[in-house]
Amino acid sequence: GRYSTPVNCAPLSVPAVNHAIWGHIGAGVRAQEVKLQKILKILASGVTAFARSIDGGLLTETQQDAVGLLCNALFEINYLRKSTIRPALNSKFVVLCKASNVQPATTSLGQTCRSRSESWMTRPRLSAS
């Protein structure tokens, strides 16, 4: 899309559900998961568009708060995804939905939303790809 997640901004990528798990959850949970992934992609596109609109990469405090809130929404929806899938899983897969596995290792799990957004926004300028 027009505001696809840049290759140098992996934390904005929407992680897919493990294929082994996908085949073992019901159609209703899969349908909800697809909807949540779509929302995450829209939010990530919004963060990307906002970041590209900033001249020179300098953010006001309000802009930092806006990015932080959007990034926190991404984090919370990813957590919701795991919480929704967990009850539908066979017990041998439940370990994959533990709190320590909520986000991929490339994200800054455990940081405050402001520090997450600051770390993302201080990376090199978002690329067009």
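Helices (H or I, at least four residues) and strands (E, at least two) are DSSP runs, numbered from the N terminus. By that rule, the chain has four helices and zero strands. Read from the N terminus on, its elements run α-α-α-α.

This is a predicted model, in which local features need pLDDT of at least 70, side-chain atom pairs count only at pLDDT 80 or more, and totals for chains, interfaces and linings use all residues. Residues are numbered from 1 along each chain as its sequence is written, and side-chain values use heavy atoms, with hydrogens and water left out.

Start with the whole chain. A residue is buried under 20% relative accessible area, exposed over 50%, and partly exposed in between (1.4 Å probe, protein chains only). Of the 129 residues, 30% count as buried. Next come contacts, meaning heavy atoms within 4.5 Å. Take the contacts in the chain with a separation of 6 or more: 79% of them join residues 24 or more positions apart.

Now look at helix 2. It covers residues 27-53. How far should its 27 residues span? The expected span of a helix is 1.5 Å times one less than its number of residues. For helix 2 that gives 39 Å, and its end C-alpha atoms are 39 Å apart, which agrees. Helix 3 covers residues 61-85. Its 25 residues should span 36 Å, and its end C-alpha atoms are 36 Å apart, so the two values agree.

How do these two helices sit together? Two packed helices are described by the angle between their axes and the distance between the axes. Axes are lines fitted to C-alpha atoms, for helices over the stretch in contact, and angles run from 0 to 180 degrees between N-to-C directions. The axes of helix 2 and helix 3 come within 10 Å and cross at roughly 165°. Angles under 35 degrees count as roughly parallel, over 145 as roughly antiparallel, 65 to 115 as roughly perpendicular and the rest as oblique. Helix 2 and helix 3 are therefore roughly antiparallel to each other. The contact is made by residues including Leu-36, Ile-39, Leu-40 and Leu-43 of helix 2 and Leu-70, Leu-74, Ile-77 and Arg-81 of helix 3.

Which residues of helix 2 are buried? Among them are Val-29, Glu-33, Leu-36, Leu-40, Leu-43 and Val-47. An α-helix has 3.6 residues a turn, so residues three or four places apart point the same way. In helix 3, the buried residues include Val-67, Cys-71, Leu-74, Asn-78 and Ile-85.

Zoom in on Leu-74 of helix 3. It counts as buried because its relative accessible area is 6%. Leaving aside its neighbours within four places in sequence, Leu-74 is in contact with Leu-12, Leu-40, Leu-43, Ala-44 and Val-47. Compare Ile-39, which lies in helix 2. Ile-39 is partly exposed because its relative accessible area is 40%. Ile-39 and Ile-77 are 38 residues apart in sequence, yet 8.5 Å apart in space, C-alpha to C-alpha.

Charge comes next. Side chains of opposite charge can pair when their charged atoms come close. A salt bridge is a side-chain nitrogen of Lys or Arg within 4 Å of a carboxyl oxygen of Asp or Glu. How many salt bridges does the structure hold? It holds one. The side chains of Arg-81 and Glu-33 form it, at 2.4 Å, N to O. The pair links distant parts of the chain, with Arg-81 in helix 3 and Glu-33 in helix 2, 48 residues apart.

Finish at Gln-37 in helix 2. Gln-37 counts as buried because its relative accessibility is 17%. Beyond its neighbours within four places in sequence, Gln-37 is in contact with Val-14, Pro-15, Ala-16, Val-17 and Arg-81.
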